[in-house]
Amino acid sequence: MTDYVATQRALKQSEERLNLVLQGSNDGAWDWNLVTREVYFSQRWWAMLGYEPDELPATPKLWLTLTHPLDSLRVSAEFDAVLADSSTSFELEFRMLHKQGHEITVLDRGYVSRDEQGRAVRLAGTLTDITARKQLELRLERSEARLSAFFEAIPDSVWLKDAEGRYVLANPVKARMYGRAVDQMLGKTEAELVPPAQAQGYRESDERALRTGESLVYEEEALMDGQRRVLEVVKRAVHDHGGQAFGVLGVARDITERKLAEAQIERLAFYDPLTHLCNRRLFQDRLEQAQAASVRNGQWAAVCFIDLDNFKDLNDTLGHDTGDQLLQQVGQRLQQVVREEDTVARLGGDEFVVLFEQLGTEADVAALYANNVGQKILSALNEPYRLSGALHHNTPSIGLTLFRDHDERVEDILKRADLAMYQSKSAGRNTVRFFDPNMQAVVMARSALERDLRQALAEEALVLFYQPVVNTERRVTGYEALVRWKHPQRGMVSPAEFIPVAEQTGLILPIGGWVLRTACEQLAAWSHDPDKQGLTLAVNLSARQLRHAEFVPEVLGLLASTGAPPQRLKLELTESLLLHDIEETILKMQQLAERGICFALDDFGTGYSSLSYLKRLPLSQLKIDQSFVRDLLTDPNDAAIARTILQLAQSLDLDVVAEGVETEGQRQFLQLMGCKAFQGYLFGRPGPLE
């Protein structure tokens, strides 16, 4: 009896402790004995529904009575399913009716006790009021729905990435840029969506936004629905409450139509609607910029003024539509003739202008270039036009003027070109005239020289003169071949006069080719003479020759066709040739040096030679420029330079030839310093070989 009392007391204490725990909890407890049909609901269970424990009978059907009618059938069915299977626990969410008439949402979590046959004998669990949480979830769900609807309704592309560059959010517009659905983008990085180079660019801009915390605004092109579009992109970092950046928010707006409208406005404001060339307003702006640039860099610029001859007659006889066709074709031809960087404009009517910049610091060189282009324009505009299905001929009158002075107005520059154009009309039309009479004379003289030079080349009127190179014993070891031109009216024309013209007009290539062929033929002839087969022959190279793509095959072909010994051919180049395309120059020289051809660096000391390149060049000889030899005996600086060149050549294992030796004193002084080869008037002037 004592044990029974003790057991009952312990059980009562246990129940009291359980009640204390349950009273301190927000959950309501319940217990249902399926065998005895006894039901227990805790104080919190009743309070959750607004009742006192004695207000309603605690029966198995009470919970179903208090369940919301719309949920009762579902809950009853789920309870039956729990009892029928072998479950040991369950969790149900449903609505119940409060005493005051409103509904609450509860979470019922229970446990099932079963006998040895697996039959449920007891159910127990807790009831949790989750009404507030469900209301919060509902508000959140509605908020997310509104946000999603807003997000999807935005016509711009919007996205959010985390700090590692993975997409967290993206709207359909953004997804369409990648040809994907939104869910196919989420969790992916750019590297999984676009080519590597593009992904790298996106990642760099994201990191810049994260790093700086500032908004990045830029434009980019993108492919959307198969069309190329222009987007204005804004990116900025997003931060948590602690100020730590955790991602990048991006917005991209399609501004293609705006850009097209801006371009259309610009075309209307600055371009001629008929020819699509610059109009007067834009040309004057370009002219002002060119004038300022020419003052800064010291280079000449030019304006070419073009007026179509008898254009009014064409309009009157064939109609304005035909005249418009002519103007359009003239504009097209002008753009084809000039350089890409030159500006072509239509001032109005049948008047066109072209702006040439960076024509060099020498006025005569600039004038020659401008005249050459003017002649090309003249030739192009003399070609027949097909207008309304018929051929039509038209000629232009062209005026040119140079400028480099910041004091004159652009209107004055245009006026000078206009006056030069009227000089062209006065001269009979279809000609090119300069505004400056002196400049016109220079241009005409240079044009005549070019014409005569072309004729001389065609008639093989050029000749080679030879100047000997001697050793310390005054014995001739070779010659330098020098091209000369005997003009039928002017006599001997100085190379200083016609070589620059040949360089500017491109004639230096056929002239250089002729010199090389003649030199190779001479070497081949010497190779059969025992007294001369040891002589070398030096030929000067121009920059155009050396940079010509077929230079190496041309030289090798001449050696093969003439039978000239390659080890006796010496190609001379100046230091100025080493200032551009040095790697290509070295490669070509090495290809020829491998065949035995020698190279000499002419006029050494007057230009700029990087020693790092000098040691890589396959040179066999340096030539001391005559400017250092001339005052060798009176100017210590010239003597020091000559001595330095000799020492440098010795360290590089190169031969040295002193050019311009005119006195015995110069020869002796050079020989005392170690020079072993000489060239100059002391030993012979350039002349015919015989």
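Predicted model: local features only at pLDDT ≥ 70, side-chain atom pairs only at ≥ 80, totals over all residues.

Strand β1, residues 28–33, and β2 run antiparallel and are joined by 3 bridges.

These strands belong to an open sheet of 5 strands, in the order β2-β1-β5-β4-β3, and the pairing is antiparallel. At the edges are β2 (39–41) and β3 (89–97), each of which pairs on one side only. On average, and with direction ignored, neighbouring strands of this sheet are turned by 20° against each other.

Two helices lie across β3, β4 and β5. Helix α4, residues 69–84, runs at about 160° to β3. Helix α5, residues 131–153, runs at about 120° to β4. For reference, β4 spans 103–114 and β5 spans 120–129.

I turn now to a helix pair. Two packed helices are described by the angle between their axes and the distance between the axes. For helix α18 (residues 551–562) and helix α19 (residues 582–593), the angle is about 20° and the axes are 10 Å apart. Angles under 35 degrees count as roughly parallel, and α18 and α19 are therefore roughly parallel to each other. Their crossing is right-handed.

Which residues meet in this contact of α18 with α19? From α18 they are Phe-551, Val-552, Val-555 and Leu-556, and from α19 they are Lys-588, Gln-591 and Leu-592. The residues of this contact divide into 5 nonpolar, 1 polar and 1 charged.

Thank you for your attention.

Conventions
Residues numbered from 1 in each chain as written. Heavy atoms only, no water. Axes fitted to C-alpha atoms, helices over the stretch in contact; angles between N-to-C directions. Helix = DSSP H or I, 4+ residues; strand = E, 2+ residues; numbered from the N terminus. Parallel < 35°, antiparallel > 145°, perpendicular 65-115°, else oblique. Left-handed = near helix turned anticlockwise from the far one by under 90°. Contact = heavy atoms within 4.5 Å. Nonpolar A, V, L, I, M, F, W, Y, C, P; charged D, E, K, R; others polar. Pairing = 2+ DSSP bridges.
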